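Here's a quick briefing to read with the model open beside you. Take it one topic at a time, and find each residue in the viewer as you go.

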Amino acid sequence: MDNVALACWACNLKKGPNLTGIDPQSKRITPLFDPRKDRWAAHFAFGVGTSVAAGIEIRGLTAIGRTTVIVLGMNTELRQIVRYQLGREGWTFQAGS
């Protein structure tokens, strides 16, 4: 169980064998977020969706965060809408450890 990390199936499929991606801001090769060594709150934040009126997006705060958001497709319309609806039902979005 030492090599197991919680991930949704869609993110897991998109990540595949990728360990890096291109940071959209710096255009440099950047490692993806590693849940075993990186703190979620250091790399990501929640915000009002910019591409979906009733959505909540995940924003990358660092090169690692930005790259991971892009490679894993974390802000598709459906994901933003689901986060919004979960918030309306009382779920709170907090940074993971």
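Ring pairs join F33, W40, F44 and F46 into a cluster. Rings of Phe, Tyr and Trp (its six-membered ring) pair if their centres lie within 6.5 Å, and a pair is stacked with planes under 30 degrees apart, edge-to-face over 60, and tilted for the rest. By this rule there are three aromatic pairs. Keep in mind that this is a predicted model: local features need pLDDT of at least 70, side-chain atom pairs count only at pLDDT 80 or more, and totals for chains, interfaces and linings use all residues. Residues are numbered from 1 along each chain as its sequence is written, and side-chain values use heavy atoms, with hydrogens and water left out.

**The ring cluster**
- The F33 and F44 rings have centres 5.2 Å apart and planes at 70°, so this pair is edge-to-face.
- This pair links distant parts of the chain: F33 sits in the loop between β2 and α2 (40-43), while F44 is in strand β3 (residues 44-48), eleven residues apart. Helices (H or I, at least four residues) and strands (E, at least two) are DSSP runs, numbered from the N terminus.
- W40 and F44 make a tilted aromatic pair, with 5.1 Å from centre to centre and 35° between the planes.
- Are F33 and F44 buried or exposed? Both F33 and F44 are buried, and W40 is buried too. Buried means under 20% relative accessible area, exposed means over 50%, and partly exposed is in between (1.4 Å probe, protein chains only).

**T68, tucked into helix α3**
- T68 belongs to helix α3 (residues 63-72), and it's buried, with a relative accessible area of 4%.
- A polar atom of the T68 side chain lies 2.8 Å from the backbone oxygen of I64.
- Leaving out residues up to four places away in sequence, T68 touches L32, F33, F44, G73 and M74. Contact here means heavy atoms within 4.5 Å.

- α4 has twelve residues and reaches 17 Å from its first C-alpha to its last, close to the 16 Å expected at 1.5 Å a residue. That expected span is 1.5 Å times one less than the number of residues.
- Which residues of α4 are buried? They are R79, Q80 and R83.
- Looking down the axis of α4, you'd find its buried residues within an arc of 100°, so they line one face of the helix. The arc is that of the directions from the helix axis to the C-beta atoms.
- An α-helix has 3.6 residues a turn, so residues three or four places apart point the same way.
- The cover over the buried residues of α4 includes α1 (9-15), β3, β4 (56-60) and α3.
- On the face turned away from the buried side, α4 carries the exposed residues E77, L78 and R88.
- After α4 comes G90, with a positive phi near 105°.

**F93, beyond α4**
- F93 is in the segment after α4 (77-88), and it's partly exposed at a relative accessible area of 29%.
- F93 and F46 are 47 residues apart in sequence, yet 7.4 Å apart in space, C-alpha to C-alpha.
- Not counting residues up to four places away in sequence, F93 touches F46, I56, R83, L86 and G87.

**K27, out in a loop**
- K27 sits in the loop between β1 (20-22) and β2 (29-31).
- K27 counts as exposed, at 59% relative accessibility.
- The phi of K27 is near 65°, a positive value in a residue other than glycine.

Terms used
Polar contact = N/O pair within 3.5 Å; in protein donor to acceptor, adjacent residues only side chain to side chain.
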